[in-house]
Amino acid sequence: MNLRHIEVFHAVYVNGSVSAAARMLNVSQPSVSKVLRHAESLLGFPLFDRTGGRLVPTEDAHTLFSEVAEIQDRVYALREASRNLKRGAGSLLRVSALPSIALDALPLTVAQFMRKHSGTRFDLQTVHHADLLRKLYERETDVAVAYEVPPGAPLGRHWLGASELVVLYREADMPGAPARIGLEELAGRPLVSLAASGPIGALFSAEVQRLGIELDEVVSARTFHIATALVRLGVGMTVVDNLTARASLVPGLAMRPLKSRLTFDIHAMYLLERPPSALATAFLKNLARTIDALSRPA
């Protein structure tokens, strides 16, 4: 007997009729009758006698039911466990993200996701590119969200979207700024530089060198949070990703994309031997939608 035979036999035994078993299983009566006959032909003996319009279990059926009931209980438990995994009940998602993504996109997505998957728990961390591999290898996190996939690393990835570099500045320092700002327009203005801040800093520095522009870097900051705080305090303007800039906007600050359109991808990375669960994959799809929404022009 296979699981389908067991399921039908159990339903008929418990309900006492083919029609009631069919309603319980949400299938047609002929389907139940066919499976039951097939089970009896495989076993070589009848499981039910028809008496007064009801199906009465034979002695062999009584003996078989004690074994079948245990199997059916385990099947029900498996189905319930599968439903719980799909809903996220009791599940823990460990997600690390760059500070720029953790500022706004990650919290927004977690809040939205938990409204639909109330049983899900999260362990959220910030991560820098230099620590990304270590956190994954040492099992401190299941998924790391960052810009650049380390070359040659045995990692799988999900593409979550794209971002671009923008100028974050005080409106008083650049009134009437154009829709897109050329890097040459930053020459002679105090700049909070992020040149040493990883792939984004490298992307910006390469473009400055390509254009042969000399910028007035009054402060070199290694974190976007420090850079945006300095802009707020009037130290200078900075060039950061649009997610960081949007999350840092307060009255008096503005952001404009660069004329050069310096774009980069955002990936969710994981160890190849530990791919994301169905729940984690659903969360990453939601995160991708959040990133897309936040990356659109304000």
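Which residues have the most contacts inside the largest nonpolar core? In this predicted model, that core has 68 residues, and the ones with the most contacts inside it are Val145, Leu160, Leu186 and Phe283.

**Overall form and domains**

- Along its principal axes, the C-alpha trace of the protein chain spans about 100 × 40 × 25 Å, and 46% of the 298 residues count as buried.
- When contacts between residues at least 6 apart in sequence are considered, 75% of them join residues that are at least 24 apart.
- The domain assignment divides the protein chain into domain 1 (3-85), domain 2 (89-161 + 265-295) and domain 3 (162-263).
- The C-alpha centres of domain 2 and domain 3 lie 26 Å apart, and the contact between these two domains takes 14 residues from domain 2 and 11 residues from domain 3.

**The nonpolar cores**

- Returning to the largest nonpolar core, with its 68 residues, we find that its largest share, 8 residues, comes from helix H11 (residues 278-295).
- This core draws at least three residues from each of domain 2 (89-161 + 265-295) and domain 3 (162-263).
- Leu186, one of the residues with the most contacts inside this core, touches Val167, Met174, Ile181, Leu215, Met237 and Val239, when residues up to four places away in sequence are not counted.
- A second, separate core has 19 residues, and Leu36, Leu47, Ala61 and Val68 are among them.

- Helix H1 (residues 3-15) is made of 13 residues and reaches 18 Å from its first C-alpha to its last, which is close to the 18 Å expected at 1.5 Å a residue.
- The N-terminal end of H1 is capped by Asn2, which has a side-chain oxygen 3.0 Å from the backbone nitrogen of Arg4, while just after H1 comes Gly16, with a positive phi of about 85°.
- Within H1, the residues His5, Ile6, Glu7, Val8, Phe9, His10, Ala11 and Val12 are buried.
- Ile6 has a relative accessibility of 7%, and because buried means under 20%, Ile6 counts as buried.
- Leaving aside its neighbours within four places in sequence, Ile6 is in contact with Met1, Val68, Ile71 and Gln72, and Val68 is also one of the residues of the second core.
- The C-alpha atoms of Ile6 and Arg170 are separated by 71 Å, and these two residues are 164 places apart along the chain.

**Helices H2 and H9**

- The buried residues of helix H2 (residues 18-25) are Val18, Ala20, Ala21, Ala22 and Leu25, and these buried residues pack against H1, helix H3 (29-43) and strand E2 (54-57).
- In helix H9 (residues 224-232), the buried residues include Phe224, Ala227, Thr228, Ala229, Leu230 and Val231, and H9 is followed by Gly234, whose phi is positive, near 85°.

- A polar atom of the Thr141 side chain lies 3.2 Å from the backbone oxygen of Arg94.
- Arg94 is also among the residues that Thr141 touches, together with Val95, Ser96, Gln125, Lys135 and Leu136, again not counting residues up to four places away in sequence.

**Positive phi in residues other than glycine**

- Most residues other than glycine have a negative phi, which is the background for the two residues described next.
- Asn26 is not a glycine, although it has a positive phi of about 60°; the place of Asn26 is in the loop between H2 and H3, and Asn26 is exposed, with a relative accessible area of 70%.
- Arg261 has a phi near 55°, a positive value in a residue other than glycine, and its place is in the loop between strand E10 (253-257) and strand E11 (263-271).
- At 53% relative accessibility, Arg261 counts as exposed, because exposed means over 50%.

Methods
Residues are numbered from 1 along each chain as its sequence is written. This is a predicted model: local features need pLDDT of at least 70, side-chain atom pairs count only at pLDDT 80 or more; totals for chains, interfaces and linings use all residues. Side-chain values use heavy atoms; hydrogens and water are left out. Helices (H or I, at least four residues) and strands (E, at least two) are DSSP runs, numbered from the N terminus. The expected span of a helix is 1.5 Å times one less than its number of residues. Buried means under 20% relative accessible area, exposed over 50%, partly exposed in between (1.4 Å probe, protein chains only). A polar contact is a pair of N or O atoms within 3.5 Å; within protein, one must be able to donate a hydrogen and the other to accept it, and residues adjacent in sequence count only if both atoms are side-chain atoms. A nonpolar core is a set of buried Ala, Val, Leu, Ile, Met, Phe, Trp, Tyr and Cys residues joined through side-chain atoms within 4.5 Å. Domain bounds come from an automatic or database domain assignment. Contact means heavy atoms within 4.5 Å.
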